[in-house]
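Dear colleague,

Please find the structure below. My notes on it follow directly after.

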Amino acid sequence: MDTTTAPLRVTLLVGSNRHGRFGTVVADWLLDHLHDRDDLVPEVVDVAATDLPTTFAPTPEATAALAEITPKLAGADAFVVLTPEYNHSFPAGLKNVIDWHFGEWRAKPVGLVSYGGMAGGVRAAEHLRQVFAELHAVTVRDTVSFRNAGASFGGEGRLTDPSGPDAAAKTMFDQLVWWGRALREAKEKRPYGGS
């Protein structure tokens, strides 16, 4: 298959690990959209399912957790990172998963989806842009954010008014595909040389 048009493998990184988290509702909504596209093939890494120490000690537990996580990140052509906003930034568990990896992010695009209170998690998304720039990843311009997320979703995890979020997701995914294909093609022609 032509790699310029082959579907992109995209890893959805679910960034919340709090008890009673709302992130799974948004993650399910995202996965529905990802499965509807024929240019993206999703896989999930859920921070709540990881057991990585913050000490970066190569314990047997850390090694086992990395054996589950690292191949999903390394094999991805692109990422969608779903983050809540906690105290004007993103969660420590998400940062920990990001920090355990380096080369897995390089020269790959990242789409950001956030949720929270009045700000919709946009401060967390903006902080993530700085982190991913340091890791040589490219964050796409457009994001999806859910202001007052709990009120945005009704029963059974359905949006009460899907028109805005659906349009924002389409725009973000379209940009992710463009960047993912462009970067995949560029890396096939010459290795990324950033240090």
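Which side chains meet in a salt bridge at 3.8 Å, N to O? They are those of Asp32 and Arg158, a salt bridge being a side-chain nitrogen of Lys or Arg within 4 Å of a carboxyl oxygen of Asp or Glu. Asp32 lies in helix H1 and Arg158 in the loop between helix H5 (149-152) and H6, so the pair ties together parts that are 126 residues apart in sequence. Helices (H or I, at least four residues) and strands (E, at least two) are DSSP runs, numbered from the N terminus.

This is a predicted model, in which local features need pLDDT of at least 70 and side-chain atom pairs count only at pLDDT 80 or more, while totals for chains, interfaces and linings use all residues. Residues are numbered from 1 along each chain as its sequence is written, and side-chain values use heavy atoms, with hydrogens and water left out.

The whole structure holds 12 salt bridges. In helix H6, Asp174 and Lys170 are four residues apart, about one turn of the helix, and their side chains form a salt bridge (2.6 Å, N to O). Salt bridges with shared partners join Arg37, Asp39, Lys170 and Asp174 into one network.

As for aromatic residues, ring pairs (centres within 6.5 Å for Phe, Tyr and the six-membered ring of Trp; planes under 30 degrees apart stacked, over 60 edge-to-face, the rest tilted) link Phe22, Trp29, Tyr115, Phe146 and Phe153 into a cluster. The count comes to eight aromatic pairs.
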